[in-house]
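Here is a short report on one protein model. Please look over the sequence and the structure before reading on.

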Amino acid sequence: MKVASLHRNSWIPVASLVAAILCSCSTAPKLSRTEPAPVRNVDFREAPEMKALAERARQLGNTLYPKVCALLADGDTKFPRQFDLQFKKRLPNGNTADSPPNRVRLNATHARMFRDKPGMLDQVLIHEMAHVAQHYEQPIIGRWLVRSHDPPAHWAEGIADYVCFKLGETNGRCAQCDFSYPDFRSGYSCAGAFLLYVERTYNSDLVRQLNTRLRHGGYSDEFFANATGRSLPQLWMEFQQTAAFTPNAARMLALRQALGYVQGKPPEDVEQRFKAFVDQNADALTRELLKAVRVPAAGDLQARLVGFLYLTQPGGAAETFMARLQKAGKLPGFAKGEKGTLSSFLNADALSVSFPVNRSFTATKRGEPSCYHYELARASAEAEWQLQRAWRTNPDGTVAEEYLAR
Ligand SMILES: [Zn+2]
């Protein structure tokens, strides 16, 4: 039996997104009547069908950009007063959005996602507007664009997600470290959650000060010791005791350590190391499942690390449970030794550690038009998977046979 089609986009966040709680900082730039609106121009010529969405984006930008700046203002900082919004047919690397200086570009091919997922547009816009406000590029001096420093990307992305969390437009993302972003060096939600913790615990102006330091250059990790009295490694150790550092993040970091990652970077021979690690630490069924799992970007090492951790989770994955039933000849509808294809859609909930978890699978047999359906549930971390319902349908969708009714 081939097992499990895992859809990568559903379990590895595609883009960095995120953003509520209004900051009422006194340093907030105030828009006067004479001040121009933050969004200077909205260009959707490449995607004319996005007119309505573009108008909404303009309104959101005008309303939210001052709030973004307010969160980062330190009293002296001059933020770009205006920026352009562009809807592009495509963006480098298939990104959902990006932000070259004084511009926010949105990928028009993701329009449906923006339209159908409430909060998505707000979240993406806030993240990118934070980058506009960060404005780390140096000014043009003479004919040269001087970039004397590149601030660490993990803080740039962490601050952008921090702003999203503060403004409450999270689009379902949590301020936490997880499989995809297990370390503050991964940036995004993990660095954002870490900054929230340090700000809350030690210094309410931490992020403003960090942002200013990044803008002016000369950042080093000493910044944290000066701002909090604790070194960055100490702060990171403390943060790992909080709920925002999830068990999934801990497992990913332990796996990375076992593979020889240093400061978030894999060793050159990480592929061989991962293969050897799997051979030593996974049983035959897990190795079989790992090979069967179809990940669109199968070359993506991170996706395969997540796949391994998913399949070896405490209590076992639903896929493993189903494969065991089938091998034992106990999968309803399948005689012992009979093969087929089992597929499932693994969403973010299935990867999370919150219970109860429900999963459903469908299976087919070669040369047979029926479809087999299975519903599973697991009540708690301590509980076993339970098959709750199993039935077979005809090609027209009508139920042909109930094997196990609730
Ligand atoms: Zn970003």
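## A loop residue with positive phi

Gln263 sits in the loop that links α10 (247-258) and α11 (270-281). This is a predicted model. The phi of Gln263 is positive, about 50°, although Gln263 is not a glycine. Most residues other than glycine have a negative phi.

Is Gln263 buried or exposed? Gln263 has 6 C-beta neighbours inside 10 Å, so it counts as exposed. The cut-off for exposed is 12 or fewer.

## A helix residue with positive phi

Tyr188 is another residue to look at. Its phi is near 50°, a positive value in a residue other than glycine. Tyr188 belongs to helix α6 (residues 188-201).

The surroundings of Tyr188 hold 27 C-beta neighbours inside 10 Å, so Tyr188 counts as buried. A residue needs 20 or more to be called buried.

## Two helices that cross

Two packed helices are described by the angle between their axes and the distance between the axes. Take helix α2 (residues 51-72) and helix α5 (residues 153-167): their axes come within 10 Å and cross at roughly 115°. The two helices, α2 and α5, are therefore roughly perpendicular to each other. The crossing of α2 past α5 is right-handed.

Which residues meet here? From α2 come Leu64, Lys67, Val68 and Leu71; from α5 come Val163, Lys166 and Leu167. The residues of this contact between α2 and α5 comprise 5 nonpolar, no polar and 2 charged.

## The whole protein

The protein has 15 helices and 12 strands. Of its 406 residues, 35% are buried.

Conventions: Residues numbered from 1 in each chain as written. Predicted model: local features only at pLDDT ≥ 70, side-chain atom pairs only at ≥ 80, totals over all residues. Axes fitted to C-alpha atoms, helices over the stretch in contact; angles between N-to-C directions. Helix = DSSP H or I, 4+ residues; strand = E, 2+ residues; numbered from the N terminus. Parallel < 35°, antiparallel > 145°, perpendicular 65-115°, else oblique. Left-handed = near helix turned anticlockwise from the far one by under 90°. Contact = placed C-beta atoms within 7 Å. Nonpolar A, V, L, I, M, F, W, Y, C, P; charged D, E, K, R; others polar.
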